[in-house]
Amino acid sequence: MTGNHKDTSITRRRALAVTGGTVAAGGLAVAGYQSAFADDATATAQATATASESSSSSECMILMSSVTEGPYYLDGALVRKDITEGKSGVPLTLRLTVVDATDGCTPVPGAAVEIWHCDAWGYYSGYTTANPGGSAPAESEDGSTADDNTYLRGYQIANANGVVKFETIFPGWYTPRTCHIHLKVHTGGEKEDGTYEGGKVNYTGQLFFADDIAEEIFTLEPYAKHSGTYTELADDMVYDGGGASSGLLTLKAVHKSDPSKGYKGSLTLGVDPDAENTGAGSGGGGEGGTPPSDAPTGTPPSDSASPSASASS
C-alpha cells in the first residue's frame, strides 16, 4: 500500500477459511458484469443461456466453500435496499444474483441475501468501540445519525431472476483483514416485522475487492483518516487467491476519472438450496464465532439489531 497504509507490517499465518470440502453447503458461481447489471429481460435471457451451457457441460460453477460468519454478525438486520443510514464513503451499488448450483444455475427467486460490513474507518454497527487497528477517529466522530446497532447491515429478497441490489458504501478496513463484505444466502423464510424470519442459511461467505481499487479508495476522505497497515488480498487469512471463484467482485467505476463517484460491483452466488451452512461457531480459520487474538475487540450491544429503523424494499 501507499500513502497512509505502509507504516508497519503484519506477519501472521495465512489460513484458508473453508468449512470442509470443495463444494460444501453451496458455493460461488460468477457471471460477467454485463449480465449482472443488465435489465430484467436481458438478465432472464442470459440466465437461460447460462443454464443451457451449464447443462451441456453437466456441471454448474460451484467454486468456493462456505466460510465462517465472523465475530461481528448480528441477528435482526432490516430488509432494505439502502443500508448506509447516512454513513459517509464512496458509493457502492452491489448487485448479486442467486442461482441453484444443483439445477443448471437456474435463478432462485425469493432467496434472501443478507450482507454486513464495516464503515469507512473499520467499525461495525453493534461493535462501535472495537479498535480497528492503526490510527482512526472514534466511530462517534463521523457526524452521521446512523443507528449504532443497524448501519451497514441488511437483507434483500431476490426477484424472479434471482437478483438482489444493495446501495451501500465501499467498506474500510481493520487489522488484520483485507477489505471485505460478509454475506449469507437464506431460503425458505419470509419477511416479517421489517426483517427476515425462518428458513435456513444455504451459504455463508465473503466478498472481496481488488487491491488497486481499494488502495485508491483509501486515499480519499473519509477513509484517509484511518492510517496504518492495510492487509492486501495475498496476505488475508480468508481470501484464498481464487479470484472471482473466491468472492472477488467484478467492479466498474461510475466515472473512470473520479473514483469518489462510486463503483458498481457484481457477482453470482451459486448455492445448493437443500444444504445448510450458518457459518456460526469457531472452526475454519480467519474469523470464527469469537474474534481471533489479533482482531479488534469490542462488546456487542445488549440487544440484537432491531427493526426499529425505517425499512424499505
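Mentor: A helix here is a DSSP run of H or I with at least four residues, a strand is a DSSP run of E with at least two, and both are numbered from the N terminus. The model is a predicted one, in which local features need pLDDT of at least 70 and side-chain atom pairs count only at pLDDT 80 or more, whereas totals for chains, interfaces and linings use all residues. Residues are numbered from 1 along each chain as its sequence is written, and side-chain values use heavy atoms, with hydrogens and water left out.

Trainee: Which pattern does the protein follow when it is read along the sequence?

Mentor: The protein contains three helices and nine strands. Contacts (heavy atoms within 4.5 Å) at a separation of 6 or more are, for 83% of them, between residues 24 or more positions apart. Read along the sequence, the elements give the pattern α-α-β-β-β-β-β-β-β-α-β-β.

Trainee: What percentage of the residues of the protein count as buried?

Mentor: Buried stands for under 20% relative accessible area, exposed for over 50% and partly exposed for values in between, with a 1.4 Å probe and protein chains only. The protein exposes about 12500 Å², of which carbon and sulfur atoms supply 47%. Of its 313 residues, the share that counts as buried is 51%.

Trainee: Which residues of the largest nonpolar core touch the most other members?

Mentor: A nonpolar core is a set of buried Ala, Val, Leu, Ile, Met, Phe, Trp, Tyr and Cys residues joined through side-chain atoms within 4.5 Å. The largest one has 42 residues, and the members with the most neighbours inside it are Leu96, Val113, Phe170 and Phe218. At least two core residues come from each of several elements, including strand S1 (91-100), strand S5 (163-169) and helix H3 (211-217), while another core of 14 residues lies apart from it, with Tyr73 and Tyr196 among its members.

Trainee: How many of the residues of S3 are buried?

Mentor: One face of S3 presents Ala112, Glu114 and Trp116 and the other presents Val113 and Ile115, and these residues are all buried. Leaving aside neighbours within four places in sequence, Val113 is in contact with residues including Leu96, Tyr155, Phe166 and Val185. S3 is largely enclosed by the rest of the structure, because the count of its buried residues is five of the five.

Trainee: Which residue in S6 does Ala112 stand opposite?

Mentor: Two strands are said to pair if DSSP finds at least two bridges between them. S3 pairs in the antiparallel sense over five bridges with strand S4 (residues 153-157), where Glu114 stands opposite Tyr155. S3 and S6 also pair in the antiparallel sense over five bridges, and there the residue opposite Ala112 is His186.

Trainee: How many residues lie between S6 and S7 in the hairpin that they form?

Mentor: S6 and S7 pair in the antiparallel sense over twelve bridges, with Val185 standing opposite Tyr203. S7 is mostly covered, ten of its 14 residues being buried. Asp193 in the turn has a positive phi of about 55° and counts as exposed at 64% relative accessibility. The number of residues between the two strands is two.

Trainee: What is the relative accessible area of Leu152?

Mentor: Most residues other than glycine have a negative phi, and most peptide bonds are trans. Leu152 is not a glycine, yet its phi is positive at about 55°, and its place is the loop between S3 and S4. Leu152 is buried, with a relative accessible area of 0%.

Trainee: In which loop is the place of Pro222?

Mentor: The peptide bond from Thr175 to Pro176 is cis, with omega near 5°, and Pro176 lies in the loop between S5 and S6. The bond from Glu221 to Pro222 is also cis, with omega near 0°. For Pro222, the loop is the one between H3 and S8.

Trainee: At what angle do the planes of the rings of Phe218 and Tyr223 stand?

Mentor: Rings of Phe, Tyr and Trp (its six-membered ring) pair if their centres lie within 6.5 Å, with planes under 30 degrees apart counted as stacked, over 60 as edge-to-face and the rest as tilted. The structure holds twelve such pairs, and ring pairs link Phe170, Phe209, Phe218, Tyr223, Tyr230 and Tyr263 into a cluster. Both Phe218 and Tyr223 are buried. Their ring centres are 5.7 Å apart and the pair is tilted, because the angle of the planes is 40°.

How values were computed:
Areas by Shrake-Rupley, 256 points an atom, 1.4 Å probe, with all protein chains shown as cover.
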